[in-house]
Amino acid sequence: MSLSWRKHVLLNYFVANYYLHNSNTDNKNLINKNNEMNNLNFYKEELNKIDQYINNNKKQFSFDNELSCLSPFVSKLVHEEQDENKKEMNLLIDEKNGLLNLNNFPHFLELKEEEEEEYIKASIQLKEICLFSWKFLNLDKILIENNNNEILKYLEKCNQPIETLQFLQKESIQREQCYSTFSFLCTIVERIISSIVITVQKHEDNNLEIILPPTLTEILECQQLRKVLSLKLLNIIKVFMGPPKGLNLRNVLFHGFLDEYELHSCYLSFLWRLYFTICKEVNDWCIDKNINFIIKPYVNLLNIETYQSLILYQNNLLLKKEDELIINKILESTYFILPTRKEIMKISFNYLFKGLKENNQICLQLSLCLLFPQFEHFLRRLYIISNNEKIDERTWSAQNAELFSTLDIIFSNHLESKEEVEKMLIKKEIDDLTPNEIYNLIGEPLGDCLLDSFLFYSGPRLRDKIAHCEVLNQIAPEIVQHYFLLFLGLCVKFTRNQKEIFELILNQSPLLSSTIHHLIIRNTPSVSVYDIRTKFINLWNETSTKFSNYIFSKDYKLIDLNFPIRELEEYGCLMNKQGFSLSKKTEEEETITTNKEELEKLYTNIENNFKTGNPKTCQFTTLQVLSYLNDKYPVKIGNIVKEKLLLQYNNHFHCLSQHISNIDMLFRILQHLQSSMDILEEKYQSICSLINERKARTPHRKLYTTIIETRPLINYLILFIFELIKVQYLHMDINQDSKKRLNWILQILTQAQRIEGAMKEGLFGACCSKFIEFIILKQKIIENDFLKIN
């Protein structure tokens with residue numbers, strides 16, 4: 001694909017490398033030598049300029065806006081120093097415990113309105129406070145290792161991870177790992193803030209279901225926080241970590257915009273003080289209310305069975321010391337990584353190897369805290385570059401007045417610019433939406449694996465869990481390793497000396513070799529594990545097999561009973577729009593007329609009754625209703641179920657999100673159908689056991705009679721809904737209004753839910769009656785659906 005030259009140095013670094021890389025391949029369409037922008041000499045010269053520029057500025061990244069991924073305004077807000085008033089600021093930190101002395105903080109930090117100007121003023125003031133406390137006050141008083149009993153008391157009361165915090169303090173002091181420590185610590189701070197909301201809500205109403213907002217900015221607006229944290233402290237948190245109009249350090253870092261050299265050590269120093277101050281106020285509140293603090297439960301990801309299909313390619317191998325040399329070579333040679341971020345990535349891999357070798361969960365989580373921000377931003381660069389000039393270049397930089405382009409945008413089906421939204425919402429030009437081209441750049445296997453790992457609901461979605469501290473030191477090494485291997489796959493994909501790297505990997509590392517085969521050079525088609533379409537196809541095929549062995553299929557042999565059921569011999573099923581009943585059998589009801597005129601009259605009565613309820617006195621047997629369905633329906637039910645759905649690659653990005661929603665509904669219908677089959681089988685076997693054990697009473701025998709008498713119709717009902725589901729899925733490829741299709745699918749879902757409910761209640765006859773009403777009222781829509789597919 002063709003890529004445009006952009007303004008930002010780090011975007012063009014990728015573009016130049018990409019063209020020079022592909023000039024050595026057979027893809028001749030990439031290079032148009034008549035165009036100066038596609039001239040290889042041009043790219044070589046520009047790349048040399050960029051390399052030289054980067055090398056000359058390696059020690060000044062934090063002050064270089066040309067290399068920064070922050071907008072000029074955000075960069076100024078985060079970096080620019082002003083003269084601080086030492087005398088005035090000396091009172092802001094408590095000399096005894098090193099925590100924030102909130103009584104002396106500036107009054108304008110008590111934000112009354114969320115106006116941008118107030119946030120900017122507060123952000124500048126808070127930044128200077130951070131700088132002062134870092135320059136003139138050391139961290140000795142808040143070090144947990146110094147047997148700081150007061151802080152330890154707060155942490156214990158708040159159920160905080162003391163061992164993890166001690167490790168992070170050592171790393172930040174001994175190794176000067178400011179960036180990595182800040183990445184991990186800010187997630188712990190977010191967790192305790194979320195836990196405050198939960199604790200207060202539980203204290204006030206233990207029975208009320210608690211649903212936390214998805215983002216920290218929204219959580220900080222929860223009223224429960226005001227009952228525990230002082231207003232000044234809450235506003236400091238908002239300015240430091242909250243919405244984009246403030247310093248917003250947590251989001252700027254965790255979405256990958258902030259470089260290692262741009263995060264001043266003063267921010268980490270202040271974060272420690274802020275965190276311990278939060279713990280102190282929580283401790284005081286809990287003592288005052290005489291309650292225990294409830295930490296939001298963590299997710300346990302130590303069991304790999306849930307995600308076995310995702311990590312199968314690893315062949316139960318873990319990265320070893322011997323793999324480090326190969327990985328370092330990959331990191332040095334790839335242009336997927338920003339040249340200013342290679343050191344961060346090396347540190348991240350160092351934590352990974354230490355975690356794998358020593359089975360150190362803290363190191364494994366710390367490695368991911370470093371990996372995910374970089375991973376997201378490198379993918380953001382691919383998103384911008386692959387879509388050429390259709391994406392505003394401001395997407396590349398953190399803006400203070402706009403929300404960031406997160407992974408759901410980067411992997412969205414179509415571009416979500418203002419113009420695109422206008423097409424969809426105003427002009428309703430759904431077919432004219434611009435597809436997201438990132439998938440064409442990264443390829444099918446990598447794209448599928450990225451979606452499975454980061455976005456699809458059934459996948460691990462570990463990036464979100466790490467960013468919000470939903471998991472803490474409970475992650476299987478194989479799952480952690482999976483994300484690093486996926487990252488390495490992209491590094492190898494975008495490496496100019498790819499052939500050399502391939503040979504090195506294939507000859508020296510079984511695990512990396514398996515990874516590269518899985519993600520880049522595989523011969524088998526790419527199939528997503530957690531894509532809803534894959535899940536739907538697998539479940540449909542599974543249900544199809546189950547149906548063929550189903551207890552109510554045509555080949556089913558009844559369970560032998562020890563003695564005859566009198567009710568079965570005497571009673572038959574009758575139904576109409578009003579409902580269902582068992583009545584004494586007559587010879588006429590056990591046969592179907594062959595007279596055409598009589599049949600037409602019968603069919604007319606069936607249609608009129610189930611449509612309008614007239615004639616009210618008419619009731620119909622199972623045989624009569626089945627005769628009507630078989631004669632009137634244009635498609636022979638049972639043909640579609642014989643053909644399995646084939647798993648195949650689906651381009652996620654070029655599929656409307658509405659289609660995905662529709663398939664999700666179809667998946668739910670299948671689940672209801674499977675449940676109905678299980679319930680019916682269980683009830684039938686249970687009643688047969690009661691009869692054989694001579695424990696069955698009249699109601700049991702009548703229920704048995706109803707099941708047997710309605711068996712052909714129930715068989716038809718389940719098969720019909722089952723095939724109708726497949727027809728809806730096949731219609732996804734037909735050009736039509738997806739929202740109208742969704743309305744129809746929702747009606748089918750209602751029927752599936754009704755069937756499942758009836759099976760649970762044992763209302764088999766009533767279930768058949770409602771089903772006939774549905775199929776007759778919706779006959780034209782159903783006929784149209786089946787005929788289009790056939």
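A residue is taken as buried when its relative accessible area is under 20%, as exposed when that area is over 50%, and as partly exposed in between. With this cut-off, both faces of strand 1 are covered in the predicted model: Tyr571, Cys573 and Met575 are buried on one side, and Gly572, Leu574 and Asn576 are buried on the other. In a regular strand the side chains alternate between the two faces of the sheet. Taken along its length, strand 1 is mostly covered, with six of its six residues buried.

The protein chain that holds this strand has 34 helices and three strands. Of its 790 residues, 56% are buried. Among the contacts in the protein chain between residues at least 6 apart in sequence, 79% join residues that are at least 24 apart.

An open sheet is formed by three strands in the order 2-1-3, and the pairing within it is antiparallel. Strand 2 (579–584) and strand 3 (620–621) stand at the edges, and each has a single partner strand, so that one side of each is left without a neighbour in the sheet. Strand 1, which spans residues 571–576, pairs with strand 2 in the antiparallel sense over six bridges, and these two strands form a hairpin with two residues between them. Within this pairing, Tyr571 has Lys584 of strand 2 as its bridge partner, while Leu574 stands opposite Ser581 of strand 2. Strand 3 also runs antiparallel to strand 1, to which it is joined by two bridges. Here Leu574 stands opposite Thr621 of strand 3.

Helix 31 lies across strand 1 and strand 2, and runs at about 60° to strand 1. The crossing in which helix 29 passes helix 31 is left-handed. On the side of helix 29, the contact is made by Thr622, Val625, Leu626, Leu629 and Asn630, and on the side of helix 31 by Glu709, Thr710, Pro712, Leu713 and Tyr716. Sorted by class, the residues in this contact of helix 29 with helix 31 are six nonpolar, three polar and one charged.

Asn159, although not a glycine, has a positive phi of about 55°, and is placed in the loop between helix 6 (149–157) and helix 7 (162–174). With a relative accessible area of 40%, Asn159 is partly exposed. Asn473 likewise has a positive phi, of about 60°, without being a glycine, and lies in the loop between helix 22 (462–467) and helix 23 (477–493). At a relative accessibility of 18%, however, Asn473 counts as buried.

Note on methods
Residues are numbered from 1 along each chain as its sequence is written. This is a predicted model: local features need pLDDT of at least 70, side-chain atom pairs count only at pLDDT 80 or more; totals for chains, interfaces and linings use all residues. Side-chain values use heavy atoms; hydrogens and water are left out. A crossing is left-handed if the near helix is turned anticlockwise from the far one by less than a right angle, and right-handed if clockwise. Helices (H or I, at least four residues) and strands (E, at least two) are DSSP runs, numbered from the N terminus. Contact means heavy atoms within 4.5 Å. Ala, Val, Leu, Ile, Met, Phe, Trp, Tyr, Cys and Pro count as nonpolar, Asp, Glu, Lys and Arg as charged, and the others, Gly among them, as polar. Two strands pair if DSSP finds at least two bridges between them. Axes are lines fitted to C-alpha atoms, for helices over the stretch in contact, and angles run from 0 to 180 degrees between N-to-C directions. Buried means under 20% relative accessible area, exposed over 50%, partly exposed in between (1.4 Å probe, protein chains only).
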